[in-house]
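Subject: Structure handover

Hello,

Here is the structure I said I would pass on. Please open it first; my notes follow below.

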Amino acid sequence: MAKAVIVLFLLFFLTANFSFAQTSPKLDATMAFIKSKGIRLNTVTPPPGFTVYYDCDSLLFMKGIFGDTIKIWTPAVDSHQELEDFHGIIENESFGVTQFAKNIDNDGRIIVSSYYQTDFIYRNDSLFEIRNSNPARPGTLIKLFDDYFNKKIDKDTYETRLDSLNKIEESQAVYTPKLIFAKKMFQKGKKVKLPKKLNFERDEIELESQWQENGKTCYLVRINNKVDGQETTYAYAIDQDMKFVYWEGCAGRSSPGGSK
């Protein structure tokens with residue numbers, strides 16, 4: 001039995017080293033390119049007025065306060081890019097600002113993280129999230145995704161159509177504030193169904209948790225709804241001063257993590 005264990009261990013060790021030897025040239029090439037371009041991983045130069053924060057898992061987060069408007073940048077999608085494709089990505093105007101190289105895989109591919117912006121209005125102790133009240137039809141996007149992943153259309157056609165849909169949606173967008181939090185809204189219970197005049201999506205707002213941290217009252221607020229019969233949910237953890245407590249650093253963290 002001992003010999004068998006030793007043989008299996010050696011087999012694993014040799015296989016692992018062989019695999020690493022196979023991928024190391026790509027990894028070396030990627031590392032050399034990153035170094036030659038002076039690219040720092042998981043780092044951005046934020047847009048004007050924004051501050052960069054890192055949570056306890058080194059997740060990058062950006063926040064800016066402009067009068068009664070709060071703007072944040074959070075992850076939209078991470079993609080694995082071959083080095084030859086990455087050459088074009090670094091030419092994007094957004095690269096290094098709201099798109100960046102997050103990490104490098106052992107196979108030499110680069111994890112590129114793209115961020116999106118969410119806007120809020122904080123007024124009279126009430127937090128409103130600004131959303132597009134005239135979005136594109138979900139069915140149109142779903143069909144496009146389905147056609148691409150089932151190889152009915154090629155990558156170039158997919159990206160062209162997606163870009164066209166995004167431009168159409170942006171041109172027709174109607175950005176509308178919807179109430180998602182007020183300090184007194186949970187006096188009759190931890191779940192509130194807001195009227196359409198306050199929240200055009202008729203979200204159910206849930207106070208999932210409330211606690212004290214660093215002398216501040218903190219709230220984990222969850223926004224629940226249904227889209228085309230499918231349940232949707234996301235959450236924000238904020239304190240009484242509208243600090244996003246799970247994203248704006250983690251010093252002195254006393255409560256378990258949460259996320260949007």
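Two strands are said to pair if DSSP finds at least two bridges between them. Helices (H or I, at least four residues) and strands (E, at least two) are DSSP runs, numbered from the N terminus. With that in hand, strand 10 and strand 11 form a hairpin with two residues between them, and Asp-228 in the turn has a positive phi of about 50°.

Before the rest, a note on the source. This is a predicted model, in which local features need pLDDT of at least 70 and side-chain atom pairs count only at pLDDT 80 or more, while totals for chains, interfaces and linings use all residues. Residues are numbered from 1 along each chain as its sequence is written, and side-chain values use heavy atoms, with hydrogens and water left out.

Overall

The protein chain has four helices and 11 strands. Of its 260 residues, 35% are buried, where buried means under 20% relative accessible area, exposed over 50%, and partly exposed in between (1.4 Å probe, protein chains only). The accessible surface of the chain comes to about 16,100 Å², and carbon and sulfur atoms hold 54% of that surface. These areas come from the Shrake-Rupley method with a 1.4 Å probe, and for residues only the protein chains shown count as cover. Taking contacts (heavy atoms within 4.5 Å) with a separation of 6 or more, 51% are between residues 24 or more positions apart.

Strands of a sheet pair through backbone hydrogen bonds, either parallel or antiparallel.

Strand 10 and strand 11 are antiparallel over 10 bridges, and Arg-222 has Ala-235 in strand 11 as its bridge partner.

Thr-217 is also in strand 10. Is Thr-217 buried or exposed? Its relative accessibility is 14%, so Thr-217 counts as buried. Leaving out residues up to four places away in sequence, Thr-217 touches Gln-210, Trp-211, Gln-212, Ile-238, Asp-239 and Gln-240. With Gln-212 there is a side-chain polar contact of 2.8 Å. A polar contact is a pair of N or O atoms within 3.5 Å; within protein, one must be able to donate a hydrogen and the other to accept it, and residues adjacent in sequence count only if both atoms are side-chain atoms.

Cores

A nonpolar core is a set of buried Ala, Val, Leu, Ile, Met, Phe, Trp, Tyr and Cys residues joined through side-chain atoms within 4.5 Å. The largest one has 24 residues, and Phe-181, Tyr-236 and Phe-244 have the most contacts inside it. Two or more residues each come from strand 3 (69-81), strand 7, strand 9, strand 10 and strand 11. Strand 7 gives the most, with four residues. Apart from this core lies another, of 13 residues, including Ile-34, Ile-39, Phe-86 and Ile-90.

Strand 1 (residues 50-54) and strand 2 (residues 60-66) run antiparallel and are joined by five bridges; Phe-50 stands opposite Gly-64 in strand 2. Their hairpin has five residues between the strands, and Ser-58 takes a positive phi near 65° there.

Two loop residues other than glycine also have positive phi:

- Asn-42, with phi near 55°, lies in the loop between helix 1 (2-36) and strand 1 and is buried at 15% relative accessibility.
- Asp-125, with phi of about 65°, lies in the loop between strand 5 (110-123) and strand 6 (126-132) and is partly exposed, at 43% relative accessible area.

Lys-184 is in the loop between strand 7 (175-182) and strand 8 (191-193). Lys-184 is exposed, with a relative accessible area of 65%. Lys-184 and Ser-126 are 58 residues apart in sequence, and their C-alpha atoms are 9.1 Å apart in space.

Regards
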